[in-house]
Amino acid sequence: MGKQLKFREDGTFKILQFTDLHIGEGAEKDEKTIALMKRLIAEEQPDFIVHTGDHIWSHASEDPIPNFRLAISPAVESGIPFASIFGNHDAEVNVTRQQLMDILLEQETCLTQPGPEEISGLGNFLLMVHGSKEDDEKLGMYFLDSGIEAAKEIGGYEWIHTDQVAWYLSASRQITKKHGAPLPSLAFFHIPIPEYETSLIRGRAVGHKFEKVCCPDLNSGLFTAMLDQGDVFATFCGHDHDNDFIGWFHGIQLCYGRVTGYNTYGRLQRGGRIIELQEGSREFRTYLHLDDGTIVPSHARSCLFYSQAMEIMIQ
């Protein structure tokens with residue numbers, strides 16, 4: 001495993017989120033995706049890189065493994081610690097998630113972990129960010145495998161299963177007991193949970209919504225568990241290429257990344273999401289860094305910055 005994650009001396013920690021790369025026999029489009037990733041890494045100099053799924057089109061090649069290696073190559077070559085979670089397209093055909101996990105585990109700077117074998121999915125794990133001046137845990141980051149598709153009799157996308165929620169609850173309770181209070185935490189997964197849609201109806205939001213929220217039909221209770229525990233203050237997903245909004249619901253910010261890959265659908269300009277955190281604080285700054293150099297603020301330094309007036313663009 002790579003080096004320990006720490007806040008910088010000035011108490012900041014910067015995350016660069018890539019999502020939905022969809023590398024796979026796209027030739028020029030794939031080259032544009034990789035070039036964009038390399039440029040954003042060079043310009044932003046993050047402390048940590050997160051891939052929130054769909055690194056590849058697994059069905060685009062009889063051997064998707066070289067495409068997967070290409071997808072993670074900008075992070076690997078940068079030498080910056082990174083982690084990946086799988087999306088619904090990463091291992092549909094011609095490759096297994098275990099094969100992709102083995103590739104990740106080969107990388108010195110990759111912090112991805114297979115996670116407990118006894119629960120659903122592959123790649124449910126927790127990472128800690130330590131303090132700038134001491135070896136104490138200051139931030140937790142939960143990574144959850146949101147699966148592929150639900151059983152045919154149910155339909156729609158798979159959900160984060162109840163045994164995964166139970167794993168989160170167990171880990172969160174242990175950490176809360178250790179620290180005497182909930183540890184400020186983030187959560188990352190590929191497919192949005194149903195509360196992303198609920199936030200548009202009953203909460204507040206800012207950003208773009210140009211397609212429906214493609215969440216599971218069933219709700220397994222992850223959001224309620226996070227709300228009860230009081231540690232996770234923001235979640236980050238991908239999956240829906242034409243959505244990049246941030247919803248605020250009961251004090252938890254539900255954030256989309258910005259689609260990064262060119263070899264896939266979507267009207268939004270490609271880019272990445274930047275997440276800037278301050279040691280000891282639940283407030284954060286986030287913005288989108290687009291391929292043409294545009295910086296798009298999301299006004300999410302604090303949930304207090306959201307107004308009741310919907311700034312979201314819905315079509």
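**View 1. S6, H4 and S7 form a right-handed β-α-β unit.** Right-handed here means that, with the strands pointing away from the viewer, the path from the first strand over the helix to the second runs clockwise. Helices (H or I, at least four residues) and strands (E, at least two) are DSSP runs, numbered from the N terminus. This is a predicted model: local features need pLDDT of at least 70 and side-chain atom pairs count only at pLDDT 80 or more, while totals for chains, interfaces and linings use all residues. Residues are numbered from 1 along each chain as its sequence is written, and side-chain values use heavy atoms, with hydrogens and water left out.

**View 2. S7 has a parallel partner in S6 and another in S10.** Strands count as paired if DSSP finds at least two bridges between them. Strand S6 (residues 137-143) joins S7 over four bridges, with Met-141 partnered by Leu-186. S7 and S10 also share four bridges, and here Ser-185 sits opposite Val-232.

**View 3. Side chains of S7 point both ways.** Ser-185 and Ala-187 go one way, Leu-186 and Phe-188 the other, and all are buried (under 20% relative accessible area with a 1.4 Å probe, protein chains only; exposed is over 50%, partly exposed in between).

**View 4. Helix H6 (residues 222-229) has a buried side.** Leu-222, Phe-223, Ala-225, Met-226 and Gln-229 are buried. They lie on the same side of H6 because they cover an arc of only 160 degrees around the axis, taken from the directions from the helix axis to the C-beta atoms. Their cover includes H4, S7, H5, S10, S11 and S12, where contact means heavy atoms within 4.5 Å. Just after H6, Gly-230 has a positive phi of about 75 degrees.
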